[in-house]
Structures are given as C-alpha cells and as structure tokens.
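Please keep the sequence and the model in view while reading.

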Amino acid sequence: MIKYKALIFGSIGTIVETSNIQRKSFNKAFKDFGLDWYWSTSEYKKLLEKSGGENRLSEYANKKNIKINTKKLRDLKTKFFNDYLKKNKIKPRAGVTNIINFCKKNNIKLGFATSTTINNINSIFFTLKNTIGKNDFNFIGNDKIVLRKKPHPNIYNITLKKLNLRPKECLAIEDTEESMKSALKAKVRCIAFPGKLHEHQKFKGAYKIIKKLNKKKIFTDL
C-alpha cells in the first residue's frame, strides 16, 4: 500500500542532467564578460557543494578579489543555458517519465520544489515537451516566490502549503546533498538521486540513495 500522497521533485537536476551544460554556459558567460575564468569539471564539482548560481559567483569573485555585477553575469549564463535547451532535445533522467506516469495513474500529487528562474523552468519543459509537461505537476516553484533559497526549507514549506499536505504525507527527490537539506529541514523524507557531479556526496539523512527511479525503489520501504 502506498502511504504517500505526493512525490516532490526538487532541483532541475532531478528531472534532467544539466550540470555540464550549466558549467559550459558559465564558461561562455565568463568569456563574453571579459573574464579569464574557466571552471573545469573538477572545480565546478566543488563549487556545486553550495546551491545558488549567483551565490557561487559572488564567493568566487570575492576569492579573486574582483568586483563584478553577479546578477548580470548570472543572467548572461542563464541566457546561454536557455538557448542551448531550446536548440537541443534532452531526455529525462532514468525512470523519471515512468514514475511521473505512475503517480498520475495512482492519484499521487506531483510537486516541483525548485527555486530556479522562471526562464530556466520554461526552457526545461520546452526541451522535454514530448515527454513531460508543466500540466503533469500540481505545483511548480520558482525564485520569485521564495525569501530564502535552499538549503533553507522555504520552498518545501511553500510546496507543502500549495499541495495542502503534511510533511509525512510527501516524499521528496533531490540530486544534491545541499538541496536535500531543504527537504529534511521541512521534515519531508527524501530520496537521494545523485546527479553526475554529485555521486561522490554521502547524502547523510537520505531515506534511500538510488541511481534510477522506479516505483518499487521509491514506494517500497527497505
């Protein structure tokens, strides 16, 4: 028997693998901005330990002792990221489409507790338009509705309120340890579904750690 009334996807990375596209978009933005910065895969992996692209840029600039407009730089990166998604079709991560269809057939609500930009969200659903749509979700968050970003539980508290459910009635899926803390602080049980650049993380406090989404692994207790 399924005891959960909702499945909440967290970051964009729980639905599609975008880390390397994001990294390349940052590097392209740096070049256009006249900066001699370059984030390698290993360096970006370390930077991802903290959530929020603009926060990452601010800390990096401070370490370099450079003053820049981080919002403009992040917006430029977002433009490159969105342009890529609009020109290329990306497949959902393993099992995502199946688990979404399973939830819809079994009257399990779907939430998307993301606090990224509306443009990013629109681009993600554009690249997934033949498989997953906005109308599959009962609630989708964005950066305009949160006061504090992950790992603060703000977005999860909002999601719970919008779904009209208690924490114990929901199960979350997160791809990074930092984002998972947001779910746990909201007292929502969380499954770790590590992205490619987060497989090294321990995900302390996760209900389960899985590589592919399927109903048995998600809705069956260990």
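## Basis of the model

The model is predicted, so local features need pLDDT of at least 70 and side-chain atom pairs count only at pLDDT 80 or more, while totals for chains, interfaces and linings use all residues. Residues are numbered from 1 along each chain as its sequence is written, and side-chain values use heavy atoms, leaving out hydrogens and water.

## Helices α1 and α4

The axes of helix α1 (residues 19-32) and helix α4 (residues 70-87) come within 8 Å and cross at roughly 130°. The pair is therefore oblique, a class for angles that are not under 35 degrees (roughly parallel), over 145 (roughly antiparallel) or 65 to 115 (roughly perpendicular).

In contact (heavy atoms within 4.5 Å), residues of α1 including Ile21, Phe26 and Phe30 meet residues of α4 including Leu73, Phe80 and Tyr84. The residues of this contact comprise nine nonpolar, two polar and three charged.

## Burial in α4

Among the buried residues of α4 are Thr70, Arg74, Asn82 and Leu85; buried means under 20% relative accessible area, exposed over 50%, and partly exposed in between (1.4 Å probe, protein chains only). Their cover includes α1, α3 (53-64) and α6 (118-127).

## Glutamate 177

Glutamate 177 lies in helix α8 (residues 177-185). Its relative accessibility is 21%, so glutamate 177 counts as partly exposed. Apart from neighbours within four places in sequence, glutamate 177 is in contact with Gln201, Lys202, Phe203 and Lys204. The C-alpha atoms of glutamate 177 and phenylalanine 112 are separated by 17 Å.

Key: Axes fitted to C-alpha atoms, helices over the stretch in contact; angles between N-to-C directions. Helix = DSSP H or I, 4+ residues; strand = E, 2+ residues; numbered from the N terminus. Nonpolar A, V, L, I, M, F, W, Y, C, P; charged D, E, K, R; others polar.
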